[in-house]
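Look over the sequence and model first.

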Amino acid sequence: MNAHLKQIHPLSWTIIIGTIFGRTAISMSIPFLSIYLIRSMGATPAETGIVVAVSSLIGVFASFNGGYISDVIGRKKVLFIAIFGWVLVFVGFAFANKIWIFFIMNALNGLCRATFEPTSRALLADITPKESKLLVFNLRYAAINIGVVIGPLLGLQVGASDSNSVFLIAAVVYACYGICLVVQFWRYHELGQASTENEQRLSIGGALKATSGNRTFMLVLIGMIFCVLGYGHFDSTLAQYMEMSPRIEEGVKWFSYLISLNAVVVLAVQYPLVRLAARFAPALPIIAGNLFTGASLILFGMSDTLPFLMICVVIFTVGEVLVFTATDVLVDRIAEPELRGAYFGMFGFNNLGMVLAPLLGGFLLQGLGVASSQLIFALLGLTTFAGVPFLYLAHRSMLKLEQARAEREGQAVSS
């Protein structure tokens with residue numbers, strides 16, 4: 001463990017630590033946006049939903065472009081554009097006084113996130129030795145969860161639901177993060193540059209064709225859409241069910257407990273689960289995580305007491321950790337090095353699951369009624385399980401791909 005920690009590049013540590021502060025800043029502001037719009041701006045639920053959803057929708061379709069552009073012009077330039085663009089977006093949030101301005105700012109927020117996230121992950125993959133990549137990606141995942149635990153608590157303390165001035169704090173945090181990246185890239189100026197290996201670089205259409213034409217990658221992507229679809233029900237369908245169910249008297253209060261439990265369990269089980277998952281091919285932990293997530297959804301439909309719900313959350317969180325700690329490693333193994341950014345960007349399409357989850361859950365709750373909770377959550381669990389065949393086929397395909405690579409390397413050495 002210590003040996004792997006010593007192999008982590010200082011720039012990687014900057015991104016990991018910056019992720020803690022960045023996610024804290026986002027989590028103390030963005031989650032309260034919908035409450036602020038309704039309470040202070042007089043927005044209707046429909047208007048609020050459109051403003052909140054636009055970030056995810058922009059993110060889904062912009063992530064590929066962000067990753068591809070980082071392959072062309074270099075990770076450094078894209079990170080600078082995204083992070084300082086984020087600073088301006090948060091300033092815009094702070095001074096917004098019309099609902100349409102919030103809509104534009106949140107669309108730009110999604111664009112910045114969709115550009116920054118795949119590029120930073122591709123950079124981590126670029127500068128980290130193969131044997132330390134699982135550790136680095138999971139340190140980043142832990143950093144995200146630390147920020148998600150701290151951020152909402154700070155948001156409550158500073159009154160984020162009543163004032164949009166909290167976005168100025170986020171702007172300052174991201175400005176400091178950006179300055180730290182500038183300093184680190186100045187120290188290690190050779191990093192983050194555009195690759196010069198391919199003079200005949202693929203166009204964006206060619207990169208899209210290359211990634212979408214990779215059978216192994218597309219199987220992983222489709223399987224992950226179902227995984228993310230299952231994960232997305234926690235914040236959407238489950239929250240609505242607990243608020244609407246006559247069997248649960250204090251649904252909002254209980255759900256706040258479940259959110260906190262989810263974050264605590266992530267931090268508690270991540271390290272042992274990562275060590276266990278490292279013994280297997282990366283697609284197998286994702287399959288196991290999918291099964292845990294789907295099973296927890298089925299159990300949620302049978303739950304009407306807080307202890308039972310808490311057990312379901314523990315099962316759900318184990319699935320979450322198994323899925324999201326292995327995906328970056330798997331994508332990195334599949335991707336061609338010169339198109340790594342494009343692959344991480346294309347992988348952003350798995351967030352279609354986050355867009356579909358509230359639509360599917362809301363449709364079932366409205367159509368079948370909250371009294372049919374067991375049937376509703378059984379259907380949600382089954383749709384989550386639908387990702388398993390794709391992930392298993394990806395696992396088989398990945399084994400063949402790595403065997404072929406090993407044979408080519410062996411032939412090159414012998415010749």
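Which helices each supply at least two residues of the lining of the second largest cavity? They are α10 (215-232), α13 (283-300) and α14 (306-334). This is a predicted model, where local features need pLDDT of at least 70, side-chain atom pairs count only at pLDDT 80 or more, and totals for chains, interfaces and linings use all residues. Residues are numbered from 1 along each chain as its sequence is written, and side-chain values use heavy atoms, with hydrogens and water left out.

**Terms for cavities**
- A cavity is a set of points on a 1 Å grid over the protein atoms alone where a 1.4 Å probe fits but cannot get out; lining residues have an atom within 4 Å of a point.
- Volume is the space filled by probe spheres set on the points, with grid points joined across faces, edges and corners.
- Helices are DSSP runs (H or I, at least four residues), numbered from the N terminus.

**Largest cavity**
- The model has 2 cavities of 30 Å³ or more.
- The largest cavity has a volume of about 80 Å³.
- Its lining residues include Trp86, Phe116, Arg140, Tyr174 and Tyr177.
- Helices α2 (10-27), α6 (99-127), α7 (133-158) and α8 (166-187) each give at least two lining residues.
- The largest share, 4 residues, comes from α2.
- By class, this lining has 5 nonpolar, 4 polar and 3 charged residues (nonpolar: Ala, Val, Leu, Ile, Met, Phe, Trp, Tyr, Cys and Pro; charged: Asp, Glu, Lys and Arg; polar: the others, Gly among them).

**Second largest cavity**
- The second largest cavity has a volume of about 30 Å³.
- Cys227, Tyr231, Asn290, Thr293, Gly319, Glu320, Val323 and Phe324 line it.
- Helix α14 gives the most to this lining, with 4 residues.
- The class counts here are 4 nonpolar, 3 polar and 1 charged.

**Aromatic pairs**
- There are 17 aromatic pairs (ring centres of Phe, Tyr and Trp, its six-membered ring, within 6.5 Å; planes under 30 degrees apart are stacked, over 60 edge-to-face, the rest tilted).
- Phe90 and Phe167 are stacked, at 6.3 Å centre to centre and 20° between the planes.
- That pair links distant parts of the chain: Phe90 lies in helix α5 (residues 75-95) and Phe167 in helix α8, 77 residues apart.
- Phe90 counts as buried because its relative accessibility is 0% (buried is under 20% relative accessible area, 1.4 Å probe, protein chains only).
- Phe167 is buried too, at 3%.
- Phe93 and Phe102 form a tilted pair, 6.2 Å centre to centre with 40° between the planes.
- Phe93 is buried at 0% relative accessibility, and Phe102 is buried at 0%.
- Ring pairs link Trp86, Phe90, Phe93, Phe102, Phe116, Phe167, Tyr174 and Tyr177 into a cluster.

Key:
1 Å grid on protein atoms, 1.4 Å probe; cavity = no way out; pocket = protein on both sides within 12 Å on 5 of 7 lines; lining within 4 Å. Buried < 20%, exposed > 50% of the residue type's maximum accessible area, 1.4 Å probe, protein only.
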